Amino acid sequence: SPMLFLKAVVSTQSTGREDGKTMEVCIEQLTAFKNNIGDDWSNVVIAYEPVWAIGTGKVATPDIAQETHANIRAWISANVSPDVAASVRIIYGGSVNGKNCVELSRQGDIDGFLVGGASLKPEFVDIINCQRT
């Protein structure tokens with residue numbers, strides 16, 4: 001039978017980062033998702049996508065993206081289970097391109113990308129082929 005993969009996109013407005021509410025916003029969205037998914041997270045992929053980075057050419061720095069991904073993983077560990085936190089894929093979306101994908105992919109808690117506009121450009125091949133080193 002076909003598998004159903006659920007993608008939870010957790011996003012924040014620009015003011016979320018500026019006023020220190022990134023995780024408050026993410027936790028609100030993750031809690032709603034957790035309350036509806038139950039205990040089986042085997043087919044869940046979480047995408048963190050800051051709204052201010054969608055189609056703007058702006059991208060969170062690798063440090064900012066890593067910090068948010070690590071905080072999401074820590075929340076999952078505390079509120080779902082450490083096993084789920086270790087196995088769930090948390091991907092980054094938000095103006096990923098051929099120039100920033102390698103540095104983003106080197107971050108420990110970024111498991112891949114949700115690619116938008118760059119998927120229509122030749123550089124998409126670079127994004128596909130970028131690997132952690």
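1. Arginine 73 and aspartate 109 are joined through their side chains by a salt bridge, with an N to O distance of 2.6 Å. A salt bridge here means a side-chain nitrogen of Lys or Arg within 4 Å of a carboxyl oxygen of Asp or Glu. Arginine 73 sits in helix H3 (residues 62-79) and aspartate 109 in the loop between helix H5 (101-105) and strand S4 (113-114), so the contact ties together parts that are 36 residues apart in sequence. Helices (H or I, at least four residues) and strands (E, at least two) are DSSP runs, numbered from the N terminus.

2. The model is predicted: local features need pLDDT of at least 70, side-chain atom pairs count only at pLDDT 80 or more, and totals for chains, interfaces and linings use all residues. Residues are numbered from 1 along each chain as its sequence is written, and side-chain values use heavy atoms, with hydrogens and water left out.

3. Arginine 73 also forms a salt bridge with aspartate 111, where the closest N and O atoms are 2.8 Å apart. This pair links distant parts of the chain, 38 residues apart, with aspartate 111 in the loop between H5 and S4. Through shared partners, Arg73, Asp109 and Asp111 form one salt-bridge network. The count of salt bridges by this rule is two.

4. Is arginine 73 buried or exposed? Arginine 73 counts as buried because its relative accessibility is 13%. The terms are: buried, under 20% relative accessible area; exposed, over 50%; partly exposed, in between (1.4 Å probe, protein chains only). Aspartate 109 is buried as well.

5. Strand S3 (residues 89-93) has four of its five residues buried, so it is largely enclosed by the rest of the structure. S3 pairs with strand S2 (residues 44-48) in the parallel sense over four bridges; pairing requires that DSSP finds at least two bridges between the strands. Isoleucine 46 has isoleucine 90 in S3 as its bridge partner. S3 and S4 run parallel and are joined by two bridges, and glycine 93 has leucine 114 in S4 as its bridge partner.

6. The largest nonpolar core contains 28 residues, and those with the most contacts inside it include Trp41, Ile46, Ile72 and Tyr92. Such a core is a set of buried Ala, Val, Leu, Ile, Met, Phe, Trp, Tyr and Cys residues joined through side-chain atoms within 4.5 Å. Elements giving two or more residues to this core include helix H2 (22-37), S2, H3 and S3.

7. Leaving aside neighbours within four places in sequence, isoleucine 72 is in contact (heavy atoms within 4.5 Å) with Met23, Cys26, Leu30, Tyr48 and Ile90.
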